[in-house]
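The note below is meant for a colleague who is meeting this structure for the first time. Please read the points with the sequence and the model side by side.

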Amino acid sequence: MKSKTLAVVLSAAMAASVLTACGSTAAPAETPAETKEEVVEPGEDTADTSGDVSTEARDYGSGEIKVWVADNVLDFTKEQISAFQDAHPEFSGYSFSVEATGEGDAASNVITDVEAGADVFAFAQDQIARLVAAGALEEVAPENLEAVKSQNDAGSVKAATVGELVYAYPLTSDNGYFMYYDKSVVTDPSDLDKILADCEAAGKSFYMEINSGWYQPSFFFGTGCELSYDTDNDGNFTEAHVSYASDTGVVALKEMIRIAGSPAFVNGSSVGSADAAKMAAIVDGTWDAQAAKDALGDNYACAKLPSFEGSDGKTYQLSGFSGYKLLGVKPQEDENKLAVCDALAAYLSSGEMQLARYNAVGWGPSNLEAQKSDEVQSDEALTALNEQMLHDIPQGQYPSDYWTLAIGLGDSVINGEISSSTSDADLLSTLQDFQDTCISYVK
């Protein structure tokens, strides 16, 4: 558990870190020797020159702190930890090791052996319930909680929350999807009907992965259906909210069937695996921005997902999941080590660090001020993603079986098991089976 006595000390420490963090687009440099704080040895008294009161510097002890981050931010993180050490001589008893472990693998690796896992680690938000249930995440330090909530966008804060408790520090708001397109082919990226018509006329392809639990909900969320799960403070699933078996669910499923029947449709979501010569539009994410630029050249363009006219004559905006990268702190027996881990997590997830990380590797910030920067605002892919996120639902926690179930639903469309000739009653029955199975995961 955290010690309440650390709040004042850590608040002061974080204030110092903000002052020494980078204030612009460059990563913070080491503090010049002449401006460094004086290193206070454990137990050494420091005098308040404004009066007669003397205070004793806190001894944070010593040890090693292990940090896991993705390979493409490994060097960046090492540089920032060096700056953190320069800014915080009170933590000089600690050494830091940084290892490459992807956000998608962090939870499994930590849960397998919590004790041997990293003390501070980045992970994808869909892993948070598993980590909490395994006792592998400490709550955000009380002294950092208000900053986490007020300085980051609402979606990222929700992604870092289990039950009513915030368990992680937001790092990004860039794990969502939108559309890359060839502006010489697609004349109106806001209308799915027109996109398909343009692609068909030009003999080009429209890529979207409809047999994926990640992309598939864009149709159902777009028509107003719900698919979400509640978890308790321990990360256990407690209730399912699913409304696919409905009239609007049938409208969504019919749209999936309609686009799958277009000669322009290709099931896929990776620019790298697409036929670049034929690709005119693809639903993908910021991680493929450079590949999309290379494939589309001067005709490169980005937009939020399009709308479509449903079988009921109404217009619907494709929605979907928004996702986030988070930074977690493992529970510690030593409250002094825990304090250092929390200070490091707050530093690495600060607005200054998020902007520097964007400039270094292109990760989209969750910090509200960093999102307003000229650099981020001029990024076409992030601009399209941010526009799309206004229509999205932050991805919460989903049982692992859901993802397999969604593949089956999409495959039934792609393989023609359900088609435009399938009756509404049979489509509703298919969705009822899907819905009942989703609900069964919490029973």
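1. A salt bridge is taken here as a side-chain nitrogen of Lys or Arg within 4 Å of a carboxyl oxygen of Asp or Glu. By that criterion the side chains of Arg 258 and Glu 255 meet in a salt bridge, at 2.8 Å from N to O, and the structure holds nine salt bridges. Side chains of opposite charge can pair when their charged atoms come close.

2. Before going further, please note that this is a predicted model, in which local features need pLDDT of at least 70 and side-chain atom pairs count only at pLDDT 80 or more, while totals for chains, interfaces and linings use all residues. Residues are numbered from 1 along each chain as its sequence is written, and side-chain values use heavy atoms, with hydrogens and water left out.

3. As for the overall make-up, the chain contains 17 helices and 20 strands, where helices (H or I, at least four residues) and strands (E, at least two) are DSSP runs numbered from the N terminus. Of the 443 residues in the chain, 52% are buried; buried means under 20% relative accessible area, exposed means over 50%, and partly exposed lies in between (1.4 Å probe, protein chains only). The accessible surface of the chain comes to about 18,800 Å², with 47% of it belonging to carbon and sulfur atoms; the areas come from the Shrake-Rupley method with a 1.4 Å probe, and for residues only the protein chains shown count as cover.

4. Contact means heavy atoms within 4.5 Å. Among contacts in the chain between residues at least 6 apart in sequence, 76% join residues at least 24 apart.

5. Returning to the pair of the opening point, Arg 258 and Glu 255 both lie in helix 9 (residues 247–260), three residues apart, which is about one turn of the helix.

6. Another salt bridge is formed by the side chains of Lys 330 and Asp 119, at 3.8 Å from N to O. This pair links distant parts of the chain, since Lys 330 is in the loop between strand 19 and helix 11 and Asp 119 is in the loop between helix 3 (103–112) and strand 5 (120–124), 211 residues apart. Both Lys 330 and Asp 119 are buried.

7. The side chains of Asp 174 and Lys 325 also meet in a salt bridge, at 3.4 Å from N to O. Here too distant parts of the chain are linked: Asp 174 is in the loop between strand 8 (169–170) and strand 9 (178–182), Lys 325 is in strand 19, and the two are 151 residues apart. Asp 174 counts as buried because its relative accessibility is 4%, and Lys 325 counts as buried because its relative accessibility is 16%.

8. Which residues form a negative surface patch? They are Asp 113, Glu 115, Glu 333 and Asp 334. Patches are made of residues with over 30% relative accessible area and no salt bridge, like charges being joined within 9 Å and nonpolar side chains (Val, Leu, Ile, Met, Phe, Trp, Tyr) within 5 Å. Glu 333 lies in the loop between strand 19 (325–329) and helix 11 (335–348), and this residue is exposed because its relative accessible area is 87%.

9. Met 208 sits in the loop between strand 10 (205–207) and helix 8 (217–222), and Met 208 is buried because its relative accessible area is 0%. Leaving aside neighbours within four places in sequence, Met 208 has contacts that include Tyr 215, Phe 219, Ile 259, Phe 265 and Val 283. Met 208 and Ser 269 are 61 residues apart in sequence and 5.4 Å apart in space, C-alpha to C-alpha.

10. Ile 414, found in helix 16 (residues 400–414), is partly exposed because its relative accessible area is 35%. Leaving aside neighbours within four places in sequence, Ile 414 is in contact with Ile 210, Asn 211 and Asn 267.

Definitions and conventions
Lys, Arg positive; Asp, Glu negative; His and termini not counted. Charge placed at Lys NZ, Arg CZ, Asp CG, Glu CD.
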